[in-house]
Amino acid sequence: MSALPRPTPATTARLKTGGDCLRFANKLFKAGDIAHGQGFVNAKEESLTLLGHATGLAWEQLPSCFDRPLTAKAKTAFLGLVERRVFDRVPTGYLVGEAWLGGLRFRVDERVIIPRSYFVELIPEAIPQWLPPPAQVTDVADICTGSGCLAILLAKRFPQARVQATDLSADALAVAALNVADHRLAKRVTLHETDTMTALLKGPKFDLILSNPPYEPEGIYRRLPAEFKQEPKQSLVSGKDGLDVIRKLLVQARATLKPHGILVIEVGGLQAAMHRAWPTLPMLWLATADGSDCVCLLHAADLRRALPSPGARRGR
Ligand SMILES: C[S@@+](CC[C@H](N)C(=O)[O-])C[C@H]1O[C@@H](n2cnc3c(N)ncnc32)[C@H](O)[C@@H]1O
């Protein structure tokens, strides 16, 4: 396939209105075969988001520019963003410096994965129904927090809870700190630079441990579209079989959950691998709107029964 030619000044000179520019961008996105799925489901959402950024218009105000000429500055900015999206494969979230999840705005840049977790569907109702009433949930952990988006959604859903959020990446935690400050949650959300839950092992026990860890096997990562490879590799990949972080998490959660506590983990395409790895561990797969049902709920008591205690493994 021959390389897609960059738009020439002659082609773009005829673009006048916001609508002209959107149609042009959507055609170029299709011709360039960009991959969606980093917080956006289709070309239209991406082009509208870039137009909002270039014009300074809020999402609901965008229709006002569809039939009106854009200013030269807005048009140049928009076309520049579209070219970076198509020819440099920069994800739209990075181009605009923000992402939305659960109705909240989060800052994002190349130091963090762009928020898109299934947990946004499950934090409002499906997870709390397995716990005491939200006002009685006092200790929550978000393991592998990245931008901090899930820690922040958890703090809002459980208003009495202290939320401990961990990440191996100091860079990611710097972004998470900005988001925690933006949402005025610094008193209740604490960030820890640590492997999985290591820094939390000696602290209070948890009602809820939630994690959207990296879970792609190395081989799958190699085949991902170019825009996904602009995200930090350790956000996506977890060893040969994708289970490296989950293995540590199960053992550490076993030691840190309250007796009534639950662990919920997003595992992508690893359902079968999870059952193979822990055949005696009861796993409840929570329903998600797209039918992938890739979030696993585990009870503290089942983790204790199915996983050997660290002492037992040392022969004590
Ligand atoms: C899939 S991202 C999830 C980020 C965020 N929770 C979200 O849903 O958008 C996984 C995160 O785990 C972090 N990570 C990778 N390995 C880790 C480990 N061993 N311990 C703690 N964090 C880790 C990465 O730096 C990345 O920020």
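Leaving aside neighbours within four places in sequence, E231 is in contact with Q38, Y94, I113, I114, R116 and L236, where contact means heavy atoms within 4.5 Å. The structure is a predicted model, in which local features need pLDDT of at least 70 and side-chain atom pairs count only at pLDDT 80 or more, while totals for chains, interfaces and linings use all residues. Residues are numbered from 1 along each chain as its sequence is written, and side-chain values use heavy atoms, with hydrogens and water left out. E231 counts as buried, at 2% relative accessibility; buried means under 20% relative accessible area, exposed over 50%, and partly exposed in between, for a 1.4 Å probe and protein chains only. The side chain of E231 reaches the backbone nitrogen of I114 at 2.9 Å.

Side chains of opposite charge can pair when their charged atoms come close. The structure holds 19 salt bridges, a salt bridge being a side-chain nitrogen of Lys or Arg within 4 Å of a carboxyl oxygen of Asp or Glu. One of them joins E83 and R6, whose closest N and O atoms are 2.8 Å apart. Because E83 lies in helix 4 (residues 72-87) and R6 in the segment before helix 1 (9-13), this pair ties together parts that are 77 residues apart in sequence; helices are DSSP runs (H or I, at least four residues), numbered from the N terminus. E83 is partly exposed, with a relative accessible area of 23%, and R6 is also partly exposed, at 47%.

A salt bridge is also formed by D20 with R23, with the closest N and O atoms 3.1 Å apart.

Key
Polar contact = N/O pair within 3.5 Å; in protein donor to acceptor, adjacent residues only side chain to side chain. Helix = DSSP H or I, 4+ residues; strand = E, 2+ residues; numbered from the N terminus.
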